[in-house]
Amino acid sequence: MSVLRPLDKLPSLNTATILLVGTEDALLQQLADSMLKEDCASELKVHLAKSLPLPSSVNRPRIDLIVFVVNLHSKYSLQNTEESLRHVDASFFLGKVEGFRATMAQRLVRMLQICAGHVPGVSALNLLSLLRSSEGPSLEDL
Amino acid sequence: MDETVAEFIKRTILKIPLNELTTILKAWDFLSENQLQTVNFRQRKESVVQHLIHLCEEKRASLNDAALLDIIYTQFHQHQKVWDVFQMSKGPGEDVDLFDMKQFKNSFKKILQRALKNVTVSFRETEENAVWIRIAWGTQYTKPNQYKPTYVVYYSQTPYAFKSSSTLRRNTPLLGQTFETHNSATPLQERSLGLDINMDSRIIHENIVEKERVQRITQETFGDYPQPQLEFAQYKLETKFKSDLNGSILAEREEPLRCLIKFSSPHLLEALKSLAPAGIADAPLSPLLTCIPNKRKNYFKIRDK
C-alpha cells in the first residue's frame with residue numbers, strides 16, 4: 001500500500017505545496033481560492049483530491065502540508081477521511097483547525113510556509129516536535 | 001478603418017453589459033484616457049457605441065486590435081463558454097524543454113497560417129503563465145469568420161490546454177496537430193469535462209479521472225436535459241432492522257420496523273442529480289432514488305424480500 005511520508009522528497013525552490021483532501025470539491029476550491037488570495041512571499045501550489053491514495057501516474061512535487069476537510073454534517077465525508085488517513089504516515093499529524101474560512105486560509109498559509117521551510121528560524125521538524133510537547137503552542141496560536 | 005473591422009468592434013462592444021464597459025475598455029488599453037473621458041457612458045447604449053466606434057476610427061483600429069477586444073470580452077465571460085480540456089503527453093525519453101513564450105506564439109501562428117491561408121490568430125498573455133489564443137477560421141476561398149472564433153488557453157507550465165467548444169468542429173484536428181508540432185509530443189488526449197473548473201494554474205486537481213467518472217455516470221443516469229420538476233418522494237419502509245453492531249436490542253426484533261422517509265426539495269430530481277458531482281454522495285446513486293423518472297412514481301413501499 002502506498003503511503004505518503006513526510007520529508008522524503010527534496011523541496012522545490014520557493015514553492016510551498018499543500019494538499020487538500022475532501023469529498024466536497026466546491027469547499028476545497030473555495031478554501032484554495034482564499035489561500036491563494038493571501039499575501040505570501042512563497043509560490044503556492046494547491047492540490048485538490050477527493051481521497052487518498054493519489055493517482056500514482058503523476059509526477060508531483062513534495063507535499064509540505066496535507067489538510068483533510070471534513071463536513072461534520074456528512075457521514076460520507078467522515079468515512080472518506082478515515083479511509084484516506086490509512087494512507088498517511090502517522091508522523092505527518094499536526095492537529096486540527098476550525099473556524100471561518102478566511103482566518104483558516106490565513107493560518108494554513110502560515111503553517112504551509114513553515115512546513116515548506118520558508119520561515120527562517122522555524123523548520124517543519126521544529127513544528128512537529130513543538131506541537132507534540134504539551135508545553136508547546138497549539139495550532140490556533142500559530 | 002476597414003468596414004468589417006468597424007462592424008466587428010461594434011458588435012463586440014454591443015455585447016458588453018454597460019456596467020462592465022469601462023473596465024473592459026481599460027483592460028483593452030487601445031483608446032487613450034483622454035479619449036475615454038470624452039464619452040458619456042450614461043447615454044443610451046447605441047449612442048455610447050457610436051461614439052466609441054468613432055474614436056476607434058480616429059485611432060485606426062486594426063483587425064488585431066478588434067480581436068484583442070474580443071479576447072478580453074471572452075476572458076470576462078469565460079464561464080459562459082463550455083471548455084474541453086486537452087492534456088499533452090510526452091513521448092518516451094523526451095526531456096522537458098524550457099518554454100519560450102515568444103517562440104511559442106511565433107511558431108503557433110506560422111503553423112496555422114501555413115496550413116490554412118485564411119486564419120486570424122491573436123494572443124493575450126495573463127499573469128499565471130497562461131496565454132489566450134484566439135483563432136478565427138476561414139477557408140481557402142473565404143476570409144476568416146470573426147464571429148465564430150475558437151479560444152485556446154494554454155498554461156505553459158502545465159501539460160494542459162483548454163479549448164472552447166466551437167460549432168466549427170472540423171478545425172479541431174488541425175489545432176491538435178499545431179500543438180503536436182510545437183511540442184513534438186504524442187497526440188493529445190481529449191478529455192471533455194464540462195465542469196466549471198477553476199482556471200488558476202496554481203490549483204491542481206488530482207482526481208480528474210474520478211471526476212470524469214462521476215460526471216459520466218451522472219450523465220448516463222440523468223441525461224443532459226433538465227429533470228422533471230418534482231417536489232418530494234416518499235418511501236414507506238417495512239423492513240427488518242439491520243445493523244453492524246452486535247447486541248443491539250433492535251437487531252433481535254423479528255417484526256419489521258415501520259418508518260416513513262420523505263425527501264422534499266423545490267426541485268428534487270435536480271438536487272439528486274447534483275449529489276455525486278458535489279461530492280456529497282458516491283456515484284452511482286441508489287437505484288431507489290434514480291428510478292423515479294423511469295417508474296413514474298414517487299411513492300414507494302419497500303419490504304424485505
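Mentor: A residue is buried under 20% relative accessible area, exposed over 50% and partly exposed in between (1.4 Å probe, protein chains only). Asp70(B) counts as buried because its relative accessibility is 4%. The model is predicted, so local features need pLDDT of at least 70 and side-chain atom pairs pLDDT 80 or more, while totals for chains, interfaces and linings use all residues; side-chain values use heavy atoms, without hydrogens and water. Residues are numbered from 1 along each chain as its sequence is written, with chains lettered from A and ligands numbered from 1 in the order in which they are written.

Asp70(B) lies in helix H5 of chain B, residues 63-76 (helices, H or I of at least four residues, and strands, E of at least two, are DSSP runs numbered from the N terminus). Its side chain makes a polar contact of 2.8 Å with the side chain of Arg134(B); such a contact is a pair of N or O atoms within 3.5 Å, where within protein one must be able to donate a hydrogen and the other to accept it, and residues adjacent in sequence count only if both atoms are side-chain atoms. Beyond neighbours within four places in sequence, the residues in contact with Asp70(B) (heavy atoms within 4.5 Å) are Phe8(B), Thr12(B), Lys15(B), Arg134(B), Gln146(B), Pro149(B) and Tyr151(B).

Arg60(B), in the loop between helix H4 (45-58) and H5, is not a glycine but has a positive phi of about 55 degrees. Arg60(B) is exposed, at 68% relative accessibility. Asp29(B), also not a glycine, has a positive phi of about 55 degrees and sits in the loop between helix H2 (18-28) and helix H3 (33-37). With a relative accessible area of 62%, Asp29(B) is exposed.

Chain B also touches chain A, with 16 residues from chain B and 20 residues from chain A in the contact. Between the two chains there is one salt bridge (a side-chain nitrogen of Lys or Arg within 4 Å of a carboxyl oxygen of Asp or Glu). It joins Asp25(A) to Lys211(B), with the closest N and O atoms 3.5 Å apart. On the side of chain B that touches chain A, strand S7 (203-205) and helix H8 (208-222) each supply at least two residues. S7(B) gives the most, three residues.
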